[in-house]
Amino acid sequence: MTTLPIVQTGAAVLRGHAQNVPPEKIATPEFRELVQKMIATMREAPGVGLAAPQVGVPWRLIVLEDRPELIANLNDLEKREREREAFPVRVLVNPVLEPVGEERVMFFEGCLSVKGYMGLVERAREVKVTGLDEHGAPQTWQVRGWPARILQHEVDHIDGTLYIDRMKTRSFTTQEQGKALYGGKPIAEIRSLLGL
Ligand code: ZN
């Protein structure tokens, strides 16, 4: 499967409000090909989510997946704090997201469209998303922890928002340096080091 170039920050398509996918488009071969290419692009990057505007398509369409090999470099504390567990690929067409409860959590986040950087972002711990799958069947997913963070990040993309708009700016760093300085550390210690 061929992959698609990932649009980088600065491009207008990442800053617009994406349009709902018209229902009659969902079953078409072109739409299915786009979904398959987005999944292939996410896996190759590698990343845990991708929104259609990131491949230059202004539609409300996201794909997400977390794989064991992407989690393998985290220690048990990091996995536990992030509530991060692998989950199979999901496709959401025209997703609508709402937070569940009041609890918010802060962790580092990166983005394939802001290549090479990371920053701390506070997000809802738990969310509920509704939408359609790639065949047009209704979906509801209520989830907490890392998948909830990915969902919020990807739905932000289709509203023209990047994590850098939400991050604690004083935490902004390169992925290389962030890994060296903060890898393996409890989030409370990271926040204390950064005065957050
Ligand atoms: Zn992103």
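## Serine 113

Apart from neighbours within four places in sequence, serine 113 is in contact with Ile6, Val7, Gln8, Thr9, Leu14 and Gln54, where contact means heavy atoms within 4.5 Å. The model is a predicted one, in which local features need pLDDT of at least 70 and side-chain atom pairs count only at pLDDT 80 or more, while totals for chains, interfaces and linings use all residues. Residues are numbered from 1 along each chain as its sequence is written, and side-chain values use heavy atoms, with hydrogens and water left out.

Serine 113 sits in the loop between strand 4 and strand 5 (117–124). Helices (H or I, at least four residues) and strands (E, at least two) are DSSP runs, numbered from the N terminus. Is serine 113 buried or exposed? Serine 113 counts as buried because its relative accessibility is 0%. The terms are set by relative accessible area: buried is under 20%, exposed is over 50%, and partly exposed is in between (1.4 Å probe, protein chains only). The side chain of serine 113 also makes a polar contact of 2.9 Å with the side chain of glutamine 54. A polar contact is a pair of N or O atoms within 3.5 Å; within protein, one must be able to donate a hydrogen and the other to accept it, and residues adjacent in sequence count only if both atoms are side-chain atoms.

Histidine 153 counts as buried because its relative accessibility is 7%. Histidine 157 is likewise buried, at 1% relative accessibility.

## The largest pocket

The largest pocket has a volume of about 1000 Å³. Of the 34 residues lining this pocket, Arg84, Glu109, Gly110, Trp146 and Gln175 are the closest to its centre. Helix 3, strand 4, helix 4 and helix 6 (175–182) each give two or more residues to the lining. Helix 4 gives the most, with 6 residues.

Pockets and cavities are found on a 1 Å grid over the protein atoms alone: a cavity is a set of points where a 1.4 Å probe fits but cannot get out, and a pocket is an open set with protein on both sides within 12 Å along at least five of seven lines; lining residues have an atom within 4 Å of a point. Grid points are joined across faces, edges and corners, and a volume is the space filled by probe spheres set on the points. The lining of the largest pocket divides into 14 nonpolar, 12 polar and 8 charged residues. Here Ala, Val, Leu, Ile, Met, Phe, Trp, Tyr, Cys and Pro count as nonpolar, Asp, Glu, Lys and Arg as charged, and the others, Gly among them, as polar.

## The second largest pocket

The second largest pocket has a volume of about 160 Å³. Its lining residues include Leu97, Pro99, Arg104, Glu122 and Arg166. At least two lining residues come from each of strand 3 (87–99), strand 5 and helix 4. By class, this lining has 4 nonpolar, 1 polar and 5 charged residues.

## The cavity

The model has 1 cavity of 30 Å³ or more. The volume of the largest cavity is about 40 Å³. Its lining is made up of Glu81, Arg82, Glu83, Val105, Phe107, Gly145, Trp146 and Arg149. Helix 3 (76–82), strand 4 (104–109) and helix 4 are the elements that give two or more residues to this lining. The lining has 3 nonpolar, 1 polar and 4 charged residues.

## Two exposed loop residues

Arginine 170 lies in the loop between helix 5 (163–166) and strand 8 (173–174). Arginine 170 is exposed, with a relative accessible area of 56%. The side chain of arginine 170 reaches the backbone oxygen of leucine 194 at 2.8 Å.

Asparagine 73 is found in the loop between helix 2 (68–71) and helix 3. Asparagine 73 counts as exposed because its relative accessibility is 54%. Leaving out residues up to four places away in sequence, asparagine 73 touches Glu78 and Lys179.
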